[in-house]
Amino acid sequence: MTTIDTATEAIAVPPGLLRRIIRQRQAKIGLVLTGIVVLVAVVGPLLLPWLTGYTSTEFAGRPFQPDGVFGTDNLGRDILSRFLGGGLTLLVFAALATALGMVLGTAAGMLAAYQGGALDGIIMRGNDVLLALPQLVFALLAITVLGPQGWVVVLVIGITHAPRIARVTRSAASAVITEDFIRASEMYAVPRWKILLKDVLPNITGPLMVELGLRMTYSIAAIASLSFLGLGMQPPTADWGLMINENRIALTVQPWGVILPVLAIAILTVGSNLITDAVARASATVEENK
Amino acid sequence: MRTLIEQQTEVALQATDLRVATALGKEILHGVSFTLQRGRMLALVGESGSGKTTAGLACLGYFRTGLKHVGGTVELSDGTDLLALTDAGRRGLRGGSISYVPQDPALSLNPAMRIGTQIMEVLRVHGYGASEQARRNRLAEVLTDVGLPNDAAYQRRWPHELSGGQQQRVGIAMAFAFRPEVMVMDEPTTGLDVTTQALVLQTIHQLVTTHAVAGLYITHDLAVVSEVADEVAVMLAGRIVEQGRSDQVLHDPQHAYTRKLLNAVPDLAGRHHIGEVEAVTGAMPIVSRERAASARVATPVVAEPTSLLSVADLRLSYGTNAVLNGIDFELGRGESLMLLGESGSGKTTAARCIAGLNDTYTGSVSLAGTTLQPGTRQRSAEERHRIQYVFQSPMSSLNPRRTIGESVEVPLHMSGTFSRKERRALVLEALDQVQLAASFIDRRPGQLSGGERQRAAIARALVNAPSVLVCDEVTSALDVSVQASIIDLLRTLQVETGMAMVFVTHNIALARHLSQRLAVLHAGRIVDIGPTDDVLENPQHSYTRELLTHVPTL
């Protein structure tokens, strides 16, 4: 086999996706920013009464007074306590909604791309109908009907994400489905769900990761907006979106009640967007190397 | 004519000590020098990764993204160094005095622009002639030069209304429109059928000689070189290892690599063995001419009368477009049949019908007497095991996210009777059969070369010990030396396992190296079928005869 030995050049293995992401400066900044906010949201509730002396719903004094580190809110609760306690639900709900959207969207998109024909038409036209409704309007409608519970928020945001994710998945998957290794799996009569799971899905993780980051950002914004509108978290729960609404009337007197949650949401959104962009760039280089 | 050219011979482009490196500093062209002369064609020959395209594009002052010029000059006839010019200066020359014909005409023509307009664009950009009328005249002239009709109706056609050969001629016309001094052609006939290829090569040769253009022809196909080039430069790993007149290099190669390359080229006559093993299958030796001659007298043509696979009246159409118009053939045990045809002849479709990948056909495919269901999912596991299919492109047939071991064991998984340990043992055995080391089992396709991937794909087909192996153009995406080793491997496997093989290809030169019987497919019909030697020496159908006359030979 002398012919092969000389013809074979050592093919450099490209560094893994994760390493290519982290190598970028934007990704590092994004990770730090997101990390800070996530840390505050996760660790905050655990440290609560010990760090500030109050729980997030306890009354600390008179409303809108500069008592404590950041003063009190509209009902006289300690703003720092509310801030530390109010991020976790937002993050958890956003993550759940995104996960739901990803699962629904990816499944629908892959199925549409793989099966084609009538099923493709039905799924994608159904998608178009959902896309025609603005996300927040759809959410408002559902919450008005079903009541402002946590699961409704997660369900609604998740379902409204799904069509967009399905579109991306479908286009990424239809490129993979023309490859011969899919034909090969079909030839060996591999069950269709297994083809989707083992042959198609691992080859579209790049665009899906980008979509994941993007939808996470949108989920955070959407859930915070719903809370602000009074349709997400209900008082007296501490929640960043709710805090902005409750305290905006005293913006000139006691701005911290608005500034802290706004800052946190902004940092989180910017951070996760930076990571998403880095993932997009990193997975694009994979395509080039292929 | 000859004397005229020799008088005219002058240097049009001189590349000296060209060095190109990647952005990271790894040099990939290590000081390449060559001279292009008017009216003569230099062929730059090499396998993929040898740097031949990089060297060719450097003549246009162009470097692909990630590559940079680190040394050497490209001097034009007036003494200017192309590589010392600014980008704008280089752009002024491209398409004007130096032009380029890309590999794939279908990709390089703008599908939303009529072909006349596309050629006119070149003339307008470079300001050909004094008036629009002069340009129009040139357009008509250049279309005639490349052997296309030049009437207004033809000029108004869209690229998709032309055949591949015509598209490539339009590409050549664009390159030739401004009367360039130098034409760089990057494998312009690779995607074309032999008949079309012969015509395009003739056109190129005519243009170069009659219009005193200096040609650089980049290719991996040595047989084409002998048809078209006056001089040859053989490249290996970024260096020119041998350079000289083409008859000299091709018939009396000095460098070991050139000899190896030439030995790997399959020839229609089957004079030499490509690869290493001299395989004998059934009662009839393949390859060896002398042995074949004696065997042909002594033994009946078909090795065994019992037919294993039989295809009867296979028909398939997409809408109103009939792809297969009734194909019949029989394949005996341990026999190898070549299904030869040009693109669009339906050869791949036929192969896929046999393997059950196309389930919309009518007619029948039967294996050892039992008629098979059309689709693989309707066939029984046993039937699926017995017919295996190897895909054309090893780049596409293995899942890049799975290890070789995982891909190869898929067929075993589906039969469901083996334990994890048994599967691994069988996979290792199959890898051993295709001469891949056991360490390949945990590698991914991205870490393998094209030839190694194709071996892995063959291993996947072998793991269930099939009785019929259908190979669809398995070597067409590979370099010639890798092709030789794969052909060699298939021959060896056939001897070892005694399986029957259907080898689908467009490369008639492989016939004697591989097959005992040859079937020639044309427009969805088998026009010629019989023992390989009989068909090649005494073709019955006019199409086969035409095909044979156009095969480029060394």
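Domain bounds in this report come from an automatic or database domain assignment. On that basis, chain A is divided into domain 1 (16–41 + 69–87 + 238–290) and domain 2 (92–233). The structure is a predicted model, in which local features need pLDDT of at least 70, side-chain atom pairs count only at pLDDT 80 or more, and totals for chains, interfaces and linings use all residues. Residues are numbered from 1 along each chain as its sequence is written, and chains are lettered from A and ligands numbered from 1 in the order in which they are written.

**The two domains of chain A**

The C-alpha centres of domain 1 and domain 2 of chain A lie 24 Å apart. Contact between two residues requires that their C-beta atoms, placed from the backbone, lie within 7 Å. To this contact, domain 1 of chain A contributes 17 residues and domain 2 of chain A contributes 19 residues. Helices (H or I, at least four residues) and strands (E, at least two) are DSSP runs, numbered from the N terminus. On the side of domain 1 of chain A that touches domain 2 of chain A, the elements giving two or more residues are α12 (240–247) and α13 (256–289) of chain A. The largest share of that side, eleven residues, is supplied by α13(A).

A UniProt record (unreviewed entry) lists residues 87–280 of chain A as "domain: ABC transmembrane type-1"; its positions are given in the numbering used here, feature names are shortened, and annotations may be inferred rather than shown by experiment. This span is 81% helix and 0% strand, and its end C-alpha atoms lie 27 Å apart.

Chain B has 23 helices and 21 strands. Its C-alpha trace spans about 75 × 50 × 45 Å along the principal axes. Of its 554 residues, 49% count as buried, that is, with 20 or more other C-beta atoms within 10 Å of their own, C-beta atoms being placed from the backbone.

In the contact between the chains, 31 residues of chain B meet 23 residues of chain A. Elements giving two or more residues to the chain B side are α17 (410–415), α19 (450–462) and α20 (480–497) of chain B. The largest share, four residues, comes from α20(B).

The table divides two contact sides by residue class: Ala, Val, Leu, Ile, Met, Phe, Trp, Tyr, Cys and Pro count as nonpolar, Asp, Glu, Lys and Arg as charged, and the others, Gly among them, as polar.

| Domain 1 of chain A, touching domain 2 of chain A | nine residues | seven residues | one residue |

Definitions and conventions: A residue is buried if 20 or more other C-beta atoms lie within 10 Å of its own, exposed if 12 or fewer, and partly exposed in between; C-beta atoms are placed from the backbone.
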